[in-house]
Amino acid sequence: MDDFGEFYAARKDAVYRALLVATRGQPGAEDAVAEAFTRAYARWETVGAHPNPTAWVLRTALNEQRTWWRRLRRELLGDPPDVGGVADRDPGGLDARLRALILALPTRQRQVVALRLLADLSAEETGRTLRIGAATVHVHLHRALATLRAQLAVAVGDGSLVGEER
């Protein structure tokens with residue numbers, strides 16, 4: 001199972017970072033990633049032969065996160081608390097200001113950015129993971145990047161991104 005150790009070491013940070021962004025930093029992301037890698041280890045013969053083991057782990061982690069929230073919602077008999085942003089700690093090297101802009105994107109755009117850019121999946125792999133077409137992935141990514149560019153231009157223009165005083 002040395003292959004799994006190499007896979008885990010190479011992909012754990014990217015999977016965690018992608019899940020944090022895809023789920024808007026909801027509590028339980030670390031647990032979901034750990035559970036997904038545990039399941040991958042238990043089924044490594046099958047998962048290792050998968051065309052993209054990283055996509056398999058990401059899909060498993062996303063499913064685990066959804067299941068966790070459903071259980072919590074039932075226990076609380078209401079909606080889970082709005083977590084808004086991730087804690088101030090740095091989740092895998094993503095700048096806090098950029099992370100805030102990404103977290104403000106619509107859900108599907110945020111998920112596509114997380115999987116395509118942060119987890120480095122192809123459009124086809126991202127589409128399979130999210131159960132949408134590759135062309136739809138491209139559309140969501142294009143819209144997300146256009147929004148981010150516009151927001152970054154405003155932030156740079158008013159000095160909030162470069163630390164200038166207005």
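Entry one, helix packing. I looked up helix α6 (residues 107–118) and helix α8 (residues 134–157), which pack at an angle of about 100° with their axes 9 Å apart. Helices here are DSSP runs (H or I, at least four residues; strands are E, at least two), numbered from the N terminus, and axes are lines fitted to C-alpha atoms, for helices over the stretch in contact, with angles running from 0 to 180 degrees between N-to-C directions. That angle makes α6 roughly perpendicular to α8, a term for 65 to 115 degrees, while under 35 is roughly parallel, over 145 roughly antiparallel and the rest oblique. On the α6 side the contact includes Arg108, Val112 and Leu117, and on the α8 side it includes His140, Leu141 and Leu145, where contact means heavy atoms within 4.5 Å. I noted that the residues of this contact divide into seven nonpolar, three polar and three charged; Ala, Val, Leu, Ile, Met, Phe, Trp, Tyr, Cys and Pro count as nonpolar, Asp, Glu, Lys and Arg as charged, and the others, Gly among them, as polar.

I must keep in mind that this is a predicted model, in which local features need pLDDT of at least 70 and side-chain atom pairs count only at pLDDT 80 or more, whereas totals for chains, interfaces and linings use all residues. Residues are numbered from 1 along each chain as its sequence is written, and side-chain values use heavy atoms, with hydrogens and water left out.

Entry two, aromatic rings. I found eight aromatic pairs, counting rings of Phe, Tyr and Trp (its six-membered ring) whose centres lie within 6.5 Å, with planes under 30 degrees apart called stacked, over 60 edge-to-face and the rest tilted. The rings of phenylalanine 4 and phenylalanine 7 have centres 6.3 Å apart and planes at 50°, so this pair is tilted. Because they are three residues apart in helix α1 (residues 2–22), about one helical turn separates phenylalanine 4 from phenylalanine 7. Phenylalanine 4 is buried at 9% relative accessible area (buried is under 20%, exposed over 50%, partly exposed in between, with a 1.4 Å probe and protein chains only), and phenylalanine 7, at 11%, counts as buried.

How are the rings of tyrosine 8 and phenylalanine 37 paired? Their centres are 4.9 Å apart and their planes at 90°, so the pair is edge-to-face. Tyrosine 8 lies in helix α1 and phenylalanine 37 in helix α2 (residues 29–42), so the pair ties together parts 29 residues apart in sequence.
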